[in-house]
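Look over the fold below.

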Amino acid sequence: MRRARQGRPVAERKEMIERSHALSISRQAQVLGISRGSVYYQACPTSDADLALMRRIDELHLDYPFAGSRMLQGLLKAEGHQTGRRHVRTLMKKMGVAAIYRRPNTSKPAPGHKIYPYLLRNLAVSRPDQVWAMDITYVPMARGFVYLAAIVDWFSRKVLAWRLSITLEADFCIEALQEALERYGRPAIFNTDQGSQFTATDFIKVLRDVEVAISMDGKGAWRDNVFVERLWRTIKYEEIYLKAYTSVPEARAAIGRYLAFYNGTRPHSSLGGQTPDQAYLKTLTPIPVAA
């Protein structure tokens, strides 16, 4: 089992769990290097009415990212959706959606989770691999939903790695980060928000092991991760909202095709008509991962 752990994605390792094995499920998860919670997790069916509300909340959040549960409840009510503020807040939490606006940071990190300073203020980003950014977004499907995590190079807008997950645990973010580092070397700065996935000890360790400067947005900061926010808006209106994925494999394949198009074919006006691949390769100065 230890040998099988090496080089396999988390989803594949989860399938190796044998519930009738002499080893306990907890011990098997530990040996395979995956979260015990993700093994026990069973997706609870979400009603069609709630799925429709979540889809609309996601659309409204793209247009009004400053809107909290009170404002969103009002917007939904104006459209004829009869739902309470508490229910809107519950669905927002399930989606990983929160209003973003500048406010004093009076919160404290969870025990063992360090919050790093924001390093990008007034920074001129002039080359690929100077700054990478990562974020997570909600992806609606025909019956259910998943979460999409992506790593973007700030200079070129290139999506360096991405993963889908049915939970908001840190595992799929770590997988995407490891893939990006293996394929493209390391950036000078890696920026995220203060989500628990990005402050998790295992996630931070990957960055510290390759000596990357860690940057985190101020809590609730207005569009600090602006280029990833733009990616979410683009992929949702050009791909996700046009489809009704019937399964996670279908969503993964379709999103993979779109991101290949986004990187290699779709011109960006902010890049002078170049694609992200062209902008990334044109001025590339890689920084190798330390051995």
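Is the crossing of α5 and α11 left-handed or right-handed? The crossing is left-handed. This is a predicted model.

**The helix pair.** Two packed helices are described by the angle between their axes and the distance between the axes. Helix α5 spans residues 48-63, and helix α11 spans residues 226-238. They pack at an angle of about 135°, with axes 11 Å apart. Angles over 145 degrees would count as roughly antiparallel, and 65 to 115 as roughly perpendicular. α5 and α11 are therefore oblique to each other.

From α5, the contact draws on Asp-58, Glu-59, Leu-62 and Asp-63. From α11 come Arg-233, Lys-236 and Tyr-237.

**The chain.** There are 13 helices and five strands. Of the 291 residues, 48% are buried. Among contacts with a separation of 6 or more, 63% join residues 24 or more positions apart. The accessible surface is about 15,100 Å², and carbon and sulfur atoms hold 52% of that surface.

Asp-129 and Glu-211 each have a positive phi without being glycine.

| Residue | Phi | Loop between | Relative accessible area |
|---|---|---|---|
| Glu-211 | about 60° | α10 (201-209) and β5 (213-216) | 60% |

Definitions and conventions:
Residues are numbered from 1 along each chain as its sequence is written. This is a predicted model: local features need pLDDT of at least 70, side-chain atom pairs count only at pLDDT 80 or more; totals for chains, interfaces and linings use all residues. Side-chain values use heavy atoms; hydrogens and water are left out. Axes are lines fitted to C-alpha atoms, for helices over the stretch in contact, and angles run from 0 to 180 degrees between N-to-C directions. Helices (H or I, at least four residues) and strands (E, at least two) are DSSP runs, numbered from the N terminus. Angles under 35 degrees count as roughly parallel, over 145 as roughly antiparallel, 65 to 115 as roughly perpendicular and the rest as oblique. A crossing is left-handed if the near helix is turned anticlockwise from the far one by less than a right angle, and right-handed if clockwise. Contact means heavy atoms within 4.5 Å. Buried means under 20% relative accessible area, exposed over 50%, partly exposed in between (1.4 Å probe, protein chains only). Accessible areas come from the Shrake-Rupley method with a 1.4 Å probe; for residues, only the protein chains shown count as cover.
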